[in-house]
Amino acid sequence: MDATTKKLVRQRAGDCCEYCRLPQDATPFITFHIEHVIAKQHTPDDDNLNDLKRLALACDRCNLFKGPNLSSIDPNSGEIVNLFNPRTDN
Ligand SMILES: [Zn+2]
């Protein structure tokens, strides 16, 4: 991923994690990750993996907790629910 793409993702996110809204300034010793909202393993033949609409800025905790997952089990209802997608969800 080139430096221009990384810069554009950071600017769009306001330099805050797009999942928990933690500002990068709050963790100066840990650089936030540019992550694929839909992990590469789910779209192995996609040639546009680094398209801006596929990327998000995430703090280390959110990115590591989310991993490659797209859904999880709601602890209250027991139902499978989609994880937050910063490109399509409010
Ligand atoms: Zn976060």
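I started with the term I needed: buried means under 20% relative accessible area, exposed over 50%, and partly exposed in between (1.4 Å probe, protein chains only). With Ile38 at 33% relative accessibility, I therefore put it down as partly exposed.

Before going on, I noted that this is a predicted model, where local features need pLDDT of at least 70, side-chain atom pairs count only at pLDDT 80 or more, and totals for chains, interfaces and linings use all residues. Residues are numbered from 1 along each chain as its sequence is written, and side-chain values use heavy atoms, with hydrogens and water left out.

Next I placed Ile38: it lies in the loop between β1 (33-36) and β2 (55-58), strands being DSSP runs of E, at least two residues, and helices runs of H or I, at least four, numbered from the N terminus. Beyond its neighbours within four places in sequence, I found Ile38 in contact (heavy atoms within 4.5 Å) with Thr43, Arg54 and Leu70. I also checked Pro68, which is 30 residues from Ile38 in sequence, yet their C-alpha atoms are 7.1 Å apart.

Then I turned to Asn85, in the segment after β4 (80-82). Asn85 has 16% relative accessibility, so I logged it as buried. Its side chain reaches the backbone nitrogen of Arg87 at 2.8 Å.

Last, the whole protein. I counted two helices and four strands, running α-β-β-α-β-β from the N terminus. Buried residues make up 31% of the 90 residues, and the C-alpha trace spans about 40 × 35 × 20 Å along its principal axes.

How values were computed
Polar contact = N/O pair within 3.5 Å; in protein donor to acceptor, adjacent residues only side chain to side chain.
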